[in-house]
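Please keep the sequence and the model open side by side while reading this note, and check each point against them in turn.

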Amino acid sequence: MFSSLQAVRLESARAHRIRYLLVVSATEKESKSEIVLLGVDFPDESLATCTLGMVLPLWSDTQVFLDGDGGFSVTSGGQTRIFKPISVQTMWSALQVLHKACNEAVSNNYFPGGGALNWTEWYQKAVNSDQSCINEWLAMSDLESVRPTSPSIFSDQRTAQDVTERTIRAKLREVMGTTDLENITSKEIRTELERRVGCSLKDYKEFIDNEMLLIMAQMDRPSKIFDYLYLGSEWNAANLEELQKNRVSHILNVTREIDNFFPEHFTYMNVRIYDEEVSQLLPYWKETHNFISDVR
């Protein structure tokens with residue numbers, strides 16, 4: 001038997017979008033409850049139909065934390081999701097339900113692969129929200145490398161500095177792409193850059209130095225594993241021109257601290273773990289293999 005224990009309206013990055021967190025329970029044999037969190041999206045408040053953007057089964061390791069910024073996070077099975085209810089009262093009600101759900105999961109010793117919560121796989125396969133909605137459900141609070149603000153949103157608000165930096169970036173790539181970098185200094189590159197731009201760039205020294213390092217890193221090409229598969233770094237993942245040149249359409253982001261840089265251009269799958277020896281990759285093997293196989 002299925003029942004919804006709680007429906008919590010959440011804040012949204014876009015004013016017109018409506019988001020809800022649903023706490024759904026299924027009562028199995030011996031009256032044991034199994035609980036999953038579902039994230040649903042209404043693209044517009046005038047629509048009566050919604051899509052599914054997030055599924056998080058509650059295992060025995062589930063933990064709930066306040067984030068100090070008007071919301072809370074839920075960690076379960078190695079995955080963390082952040083939720084920001086629209087009011088304090090709503091958050092309080094949600095936390096009460098979640099703490100009861102955590103106690104239920106702990107007392108019944110639910111763990112991945114143990115036979116419990118198998119019914120949630122149906123929801124996993126039914127995720128159908130727009131990619132921008134899914135990205136919002138996957139947002140992390142402590143990313144160390146994040147994508148810049150989308151220029152498409154603020155295209156009518158570009159400043160003179162934005163235009164200058166864009167010009168510098170383009171010309172700098174030209175200079176570094178046609179120069180023997182082993183026999184030139186950063187000062188010489190900056191001098192050549194000023195010649196091509198036609199003005200002094202004294203006020204942009206720090207910006208130019210940072211861009212040089214970024215371009216150098218991006219010059220380290222990704223490794224081609226198969227015709228359809230590349231292995232790259234954070235720098236490759238942040239290089240839109242290179243990604244498009246290699247005809248990339250899907251990106252598997254296996255990092256805890258790196259953002260999805262171009263969600264409007266590519267389909268992402270995230271495995272949020274740190275690059276450490278103790279990190280366990282095997283639990284993600286099936287879903288990552290399917291992600292790659294489906295787009296070959």
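The points below take up the domains, the strands, the salt bridges and the aromatic rings.

1. A word of care comes before the details, since this is a predicted model. The protein is divided into domain 1 (2–138), domain 2 (155–218) and domain 3 (223–294). The centres of domain 2 and domain 3, taken over C-alpha atoms, are separated by 29 Å.

2. Three strands form an open sheet in the order S5-S6-S7, and their pairing is antiparallel. Strand S5 (63–66) and strand S7 (79–83) stand at the edges with a single partner strand each, so one side of each is left without a neighbour in the sheet. From one strand to the next, the twist averages 20°. Strands of a sheet pair through backbone hydrogen bonds, either parallel or antiparallel.

3. Within this sheet, strand S6 (residues 72–76) is joined to S7 by five bridges, the two running antiparallel, and Ser 73 stands opposite Ile 82 in S7. Helix H1 (residues 88–107) lies across S5 and S6, and runs at about 155° to S5.

4. Is strand S2 (residues 18–27) largely enclosed by the rest of the structure, or largely open? Seven of its ten residues are buried, so strand S2 is largely enclosed. S2 pairs with strand S3 (residues 33–42) in the antiparallel sense over ten bridges, and Leu 21 has Gly 39 in S3 as its bridge partner.

5. Side chains of opposite charge can pair when their charged atoms come close. The count of salt bridges here comes to nine. In one of them, the side chains of Arg 17 and Glu 136 meet with an N to O distance of 3.1 Å; Arg 17 is in the loop between strand S1 (2–10) and S2, whereas Glu 136 is in helix H3 (residues 131–137), 119 residues apart. Arg 17 and Glu 136 are buried.

6. Glu 136 also meets Arg 19 in a salt bridge, at 3.7 Å from N to O. Because Glu 136 lies in helix H3 and Arg 19 in strand S2, this pair ties together parts that are 117 residues apart in sequence. Both Glu 136 and Arg 19 are buried.

7. Another salt bridge joins Asp 209 and Arg 190, whose closest N and O atoms are 3.8 Å apart. Asp 209 lies in helix H6 (residues 205–218) and Arg 190 in helix H5 (residues 186–197), so the pair ties together parts that are 19 residues apart in sequence. Asp 209 is partly exposed, with a relative accessible area of 33%, while Arg 190, at 15%, is buried.

8. Eight aromatic pairs are found in a search of the whole structure. The rings of Phe 72 and Phe 83 have centres 5.6 Å apart and planes at 45°, so this pair is tilted. Phe 72 lies in strand S6 and Phe 83 in strand S7, and the pair therefore ties together parts that are eleven residues apart in sequence. Phe 72 is buried, with a relative accessible area of 0%, and Phe 83 is buried at 1%. Phe 72, Phe 83 and Trp 137 form one aromatic cluster.

9. For Phe 226 and Tyr 228, the ring centres are 5.5 Å apart and the planes are at 15°, so the pair is stacked. Phe 226 is partly exposed, with a relative accessible area of 45%, and Tyr 228 counts as partly exposed at 37% relative accessibility.

Methods
Residues numbered from 1 in each chain as written. Predicted model: local features only at pLDDT ≥ 70, side-chain atom pairs only at ≥ 80, totals over all residues. Heavy atoms only, no water. Domains from an automatic or database assignment. Pairing = 2+ DSSP bridges. Helix = DSSP H or I, 4+ residues; strand = E, 2+ residues; numbered from the N terminus. Axes fitted to C-alpha atoms, helices over the stretch in contact; angles between N-to-C directions. Contact = heavy atoms within 4.5 Å. Buried < 20%, exposed > 50% of the residue type's maximum accessible area, 1.4 Å probe, protein only. Salt bridge = Lys/Arg side-chain N within 4 Å of Asp/Glu carboxyl O. Phe/Tyr/Trp six-rings, centres within 6.5 Å; stacked < 30°, edge-to-face > 60°.
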